[in-house]
Amino acid sequence: MESAVLQVLRETLSPDEGVRNHAEAQLKQLFSLPGASSSEMPGTSADPGSDGGLSLARILSAQEVDLAQRQITGVLLQQYISKHWSPISTSFEQPVVPPEVKGQIRPVVFQLLSDPQRKVRMAAAFALSTLATYDWPDDYPDLLSQLVALLSSGSPDGVHGAMRVISEFVKNDLSEDQLLPVVQDLVPALLAVLGSPQVHAPSTRAQTVHVFRQVIRMLETVKEEHPAAVKHALDQIAPVWMGAFKALLAGDAAGEVQANWENLGIRIEIFRTLITLQSAFPKILLPEIPSFLHLSLSTLSTLFPLFTLYYLSTADEAHEPPSPTSDVGFVAPKMDIDDLACAAFDFLTPIARTHKAAPELVVEGTATGVLQGLVETVLGYTQVTRENEEEWMEDVNAFVMDEDEELEVYGVRVVGHDLIGSLIDKYPRPTITILQAETQRIVSDSPALRAGGNPDWWKPLEAALALIGGVAVDIRNILDEDVEKGSEKSFDVQYLFDQVVPGLLNQTETPFLQGRAFVFASQFATLLPDALAGQYLAAAVQALESGGVKIPVKLSAVKTIKNFCRFVPADLLKPQSGKILSLLIPLLEQATGETLYLLLETIRAVLALDQTLLTPQSVGPVADTVYAVWEKYNTDPVLTAIVEEFVESLASQPHIVPSLVHALAPKLTAAITTPTTDETVHIPGEAVQLANALLRSRGGPLEEELVASVGKGVMRLLRATDDTEVIQHGMIHLTLVVRKDCDKLIQWRDNDGSNGIAAIVTLLDRFLSPAFSESGGIFVGELIMHLFRKAGGAIGPVLPDLLRAIVGRLAVAKLPSYIQSLALPFAYLFCTEHTTQTLDLLSQFSVPMPDGTERNALDVVLSAWCEMSDVYSGSWNIRVSDLGMVKLFALPDPRLSHIIVKGDLIISDANRNTIITRSRAKTTPNQYTQIPFQVKALKLVLKDLQALGSGKGIANKPDLDIEEDDGVSGVEAVELWGSGPGLDLDEEWDDDDPLGDGVGEFDYLSSWLDQGGGADTDAQDDDEDLKSDPIAQIDLAAHLTEMLRQCYASNANGMHEMVGALTEVEKGILRGVLTL
C-alpha cells in the first residue's frame, strides 16, 4: 500500500500536467475512503489493515524516503486529519476515520516527534496537535503523560517536537479538569527544559516560556469560577518561575545574544509573560517588582551598544542584525532588539506606577539613578533607525503613519513615550527635570558629533524633541501648575525655542530632524507669543511651497499646520490660510493612503478655523475636488469617514451651505441611485452616509433640491434594498430631513402625487413588517418619534394604524436594540400631552403573540419599555424615557396598576457569584420577579436618578482612584478601607415611615443637584433642534425629584406601599431624594 501511495506522491511532482492531474485524482479517491481496503486504489493489492491516512503516516516516518516527499506527505496528513478525523471539524468531509485506524495512526505520528529531521518533526507536531484537539482526553488519555515523558527524555529532537505540539495544545480552551493536569505535570517539565541551555536550543527554551504564558492566560479565564483551584495552582508554579526569570535576566544579555542571536527570544518571552502576569495576577508580581525593575533596565542598557550597531548606525562599519536560523516565526513573528525593548517598556509602564517601584525611582522627591537610567534608555531606543530612514524615504505613507500621534502605530517609539508619560504622570517634576538635563546634554554634544563626521549626530536630538513633543500635554499642564503656584518653571521650553529649534528649520541635510523641528514648534504653539507662532507657521508654509525641500519635511510642514489649527486663534492663521489652501488642494489628486488622510484633515482644520476663507463662489470647486477623491476611494472606510467629517464641517457654515448643496446634491443623487453590480454594490450606502454628513450639522430650512433629489433617491433606495447597513443609514437620513425641515417634506410631491410624509409612512409599512430585518430597523423608532414631533396634523389620520403596526411588531420582536427603538415613540407620546389619548388607544386592542395567544397592546408596550428603558443611550432618548416613565408613575389611571412586568433577578444557587455564559443561560435561564408596572417605574426612575448623580458632588463615598496602580480593584479597596460614613438620617422621619431608619448611601444627591447634576453632555445635548424642544427645557433631575416628592407626600397610587418592594439601595436613593 505505502509503495503505491508513494508512487502516486512522486507523480504529483511530475512536470507532465496530465500525470499530475491523474495522481491528484487517485489521492482524492483514496482519501475519500478512510479505513477502506487498499484495493480501492487502482494498482494496489488488498490489505485489510490499510488506510490512506495510515499510509501517509508510515511514509512520513520512512527514513529512506526523500525529505521533500516526506514534507508533502506531512501536509497531506494534516489535511486528511482536518477533513476526516472528527465531525466537529470545520472542514470535515465524510467519511470519518474508524476508531481502530485512529489507534494505529496516533503512535506512528507521536514517534515522529523525535525524528532527526526538523521539518518532519514540525509536520508531525501539527498533525498530532490537530487530532489532539478532538481526541484528548477522552479518546487519547495518555497524550499528556507521553508529552511530559518526551520533555523529560533529554532528547533535543524529542523535546523540540513535543514543544511544537504543546504550543498548539495550550491554545485551545481547556476545562478545569484538563487544565489542572497541565499545571501539575506539564509546567514543571517545561521549567526543566528552560533551565537546560547546554541541551536545548534557545528557540525551544523560549517556547517553554511562551507556553507558560498561555497557561497563565488560561488560569485567568477560569479564576472567577474556580478561585481556590487557580490560587493553588499559582502557589505551586509562580515562585519557581519567577526565580527562573530573575536568574535568566541577570545573565549577560549582550554576551548571550552575541553568542546566539536566538537568545533574544527567551528574554522577549519573559517580558511578555511578566506583562501577562501583571495584568492577570498583579499581586503575584508585586513583591518582585524592585528586582524586575532593575533587571529590565540592566538588560536594556547592556544591549544598547548592539542596538546602535545593528539598528541605528549608518556608518560604513554598521551591520545588519543576524537572522534566526531555527523555527523562524515559531516563537515570535520577528526577533529583534527593538522587539525586546517594546516588551520591556510595555512591562515597565504599569509597574513604574506601583508603590513597590516608588522607592526605586524617587527618594524624598529626588530622582534616583534608576529613574535617570529609564529616561536615558528611552531616549536611546526611540531614535530613528536605519530601517526607518530607508522606509520613510521610499514610502511617504509609512512616514505619515509612523509619525501619526493619534494613530500611534505600535513600535518602540510609541511604547517608550508611553513609559515616559507614565513616569511623568506619577513622578512629574523628577522625571521632566531629568528630561530637561538629558536634552541639554544632547544639544551640547551634537556639534562635536557633527564636526567629528558622525553621520548619525542628529538622531539623539531628533529623539529628544520627539519625546518632549510626545508628552507635550503633560509638560504644558505642569508648566500651568507652576504658573498657578508662582514657582520656577519645571521645564525650560523657551531654551529650546531660543537656542535649538530655529537653527534646525533650515537643516536640509537631515530632513527628519528638520521636519521634527517644525512639528515640535506646533506642539508647543500655545506657549509661543503670537508673533513667534506666526513666524513658525509662515516657515512651515514656506517649506511646503519650496521646491528644494524633501518630502518628509513637506509632510512635517503639513502636520505642523494641522497642529497650529488646534492651538492658535483664527486671526493668526488667516494671513496664511489662502496660500495653504492653494498649496494643499492640488495635492489631493496625487496623494494616496495616509498622506491623503493627512491632507484632507489639514484642509478641514484650516477651513474650520478660518470660516471666512470659503465663499459661496469658491466652495463649489473645493467640494468637487473632495467628492472626486471620495468617488475614487469610496471602498476605503477611513477615507470615507474623513470625507464625511469634511463635508459635515463645511455644512456647519451657513453662508456656504446652499452652494455646497448645489455642488453635491446631483452627484449624491446619482451615486445613491447607481444600479448595483459586484463592483458598485457599496456605492449607494456610502453615498447615503455622505448625504447624512451634509445634513447632520446644519440647521433648516433645507434646499428644495436636497429634499426633492437626494431625499427622493434615498426613499427609492429604501423601497428596494435589503442591505441592513444601507437601510439603517437611509432611516437616519429620513429622520434628519424630518427634523431639519418637515414642511419641505409635506410640500414635496412624489411621482404618484403623495407628499413626503405619506411616502415615509409607506416605507414604515415595510420597516414594521414581521418579515423585515430587525437589525435593519433599529432606527425606525427614532424616525417615528420625530415624525410625531414634527409632522403634527400631517400624520394624525394614520396615527392609530401606525401605533397598531408598531405594537404588532413589538409583540414578536427579539433583538433588544430593535425592541428599544420601537418602545421609544410610545415613551415620547406618554411624556407629552398625548398621554391619555395613547393609553386609551392601546387599551382598546390586542395583538397576537408568538405562542398563539393574544395580549393587550398596553401590556405589550409597557412590558417592553420597562425591560429596555434602563439601557437607552443618548441624553435625549433617556430624557424622553424618564419623563414618560415618571408621568405614568404619577398618573391615577387604574389601567396601569393592573399591568404586571418583569421585576428583579431572583438570586439562586445557579447564578450566585457565577459568570453567566450563553450556554449556561440557555440551560439554566435566570428567573425574575413579577411586579406591578408602577413599582417597576419607581425602580427605574430611582435608578436613573442614581446614574444622573454618579460621580457629581459625591459626599461620604470612598475614593477608589487608587494612586498606586497595584492591580487592586475598587471593590477590593472598599473591602480594605471601608465604604465611608453613612447617611445622617433626618430626625423628622417617623418611626412608622415605610423607608425606616436604615443607612442610606445617596446623601450626595443634594450637593449634586445644587451643582447642576446631570450636566454632562453628549451629541444629543449639542443638537440645536433637540435643544429647542420644550422637553429639553425641563430640568430633568429637579423634575424627577419633585415628582417623586409630590407622589410620596400624597401617597399617589399607594406609593408608601410600593416602598416595601424596593431594595435597600433603592430605598437609600429615595430617602436621599425625600430629605433634600
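**Close-up views of a predicted model**

View 1. Isoleucine 907 sits in the loop that runs between β5 (900-905) and α46 (918-923). The model shown here, as in every view below, is predicted.

**View 2. A patch of negative charge.** Five residues gather here on the surface: Glu387, Glu390, Glu391, Glu394 and Asp395. Their patch is negative in charge. Glutamate 387 belongs to helix α19, which covers residues 386-394. Is glutamate 387 buried or exposed? Glutamate 387 counts as exposed, because its relative accessibility is 55% and the cut-off for exposed is over 50%.

View 3. Helix α18 takes in residues 369-381, 13 residues in total. At 1.5 Å a residue, α18 should span 18 Å. How many of the 13 residues of α18 are buried? The count is 10, so α18 is largely enclosed by the rest of the structure. Val370, Leu371, Leu374, Val375, Val378 and Leu379 are among the buried residues. The buried set also includes Gly373, Thr377, Gly380 and Tyr381.

View 4. Helix α35 is built from 14 residues, 683-696. From first C-alpha to last, α35 reaches 20 Å. That is close to the 20 Å expected at 1.5 Å a residue. Of the 14 residues of α35, 13 are buried, so the rest of the structure largely encloses this helix.

View 5. Side chains of opposite charge can pair when their charged atoms come close. The structure holds 43 salt bridges. One of them joins glutamate 545 to lysine 579. Their closest N and O atoms are 3.6 Å apart. Glutamate 545 lies in helix α28 (residues 530-545) and lysine 579 in helix α30 (residues 570-584), so the pair ties together parts that are 34 residues apart in sequence. Glutamate 545 has a relative accessibility of 45%, so it counts as partly exposed. Lysine 579 is partly exposed too, with a relative accessible area of 38%.

View 6. Glutamate 645 counts as partly exposed at 39% relative accessibility. Arginine 604 is also partly exposed, at 25%.

View 7. Glutamate 648 and arginine 696 form a salt bridge through their side chains, with 3.2 Å from N to O. Glutamate 648 lies in α33 and arginine 696 in α35, so the pair ties together parts that are 48 residues apart in sequence. Glutamate 648 counts as partly exposed, at 23% relative accessibility. Arginine 696 is partly exposed as well, at 36%.

**View 8. A network of salt bridges.** Which residues are linked in this network of salt bridges? They are Arg739, Arg789, Lys790, Asp1025 and Asp1029.

Methods: Residues are numbered from 1 along each chain as its sequence is written. This is a predicted model: local features need pLDDT of at least 70, side-chain atom pairs count only at pLDDT 80 or more; totals for chains, interfaces and linings use all residues. Side-chain values use heavy atoms; hydrogens and water are left out. Patches are made of residues with over 30% relative accessible area and no salt bridge: like charges are joined within 9 Å, nonpolar side chains (Val, Leu, Ile, Met, Phe, Trp, Tyr) within 5 Å. Accessible areas come from the Shrake-Rupley method with a 1.4 Å probe; for residues, only the protein chains shown count as cover. A salt bridge is a side-chain nitrogen of Lys or Arg within 4 Å of a carboxyl oxygen of Asp or Glu. Lys and Arg count as positive and Asp and Glu as negative; His and the chain ends are not counted. The place of a charge is taken as NZ of Lys, CZ of Arg, CG of Asp or CD of Glu. Helices (H or I, at least four residues) and strands (E, at least two) are DSSP runs, numbered from the N terminus. Buried means under 20% relative accessible area, exposed over 50%, partly exposed in between (1.4 Å probe, protein chains only). The expected span of a helix is 1.5 Å times one less than its number of residues.
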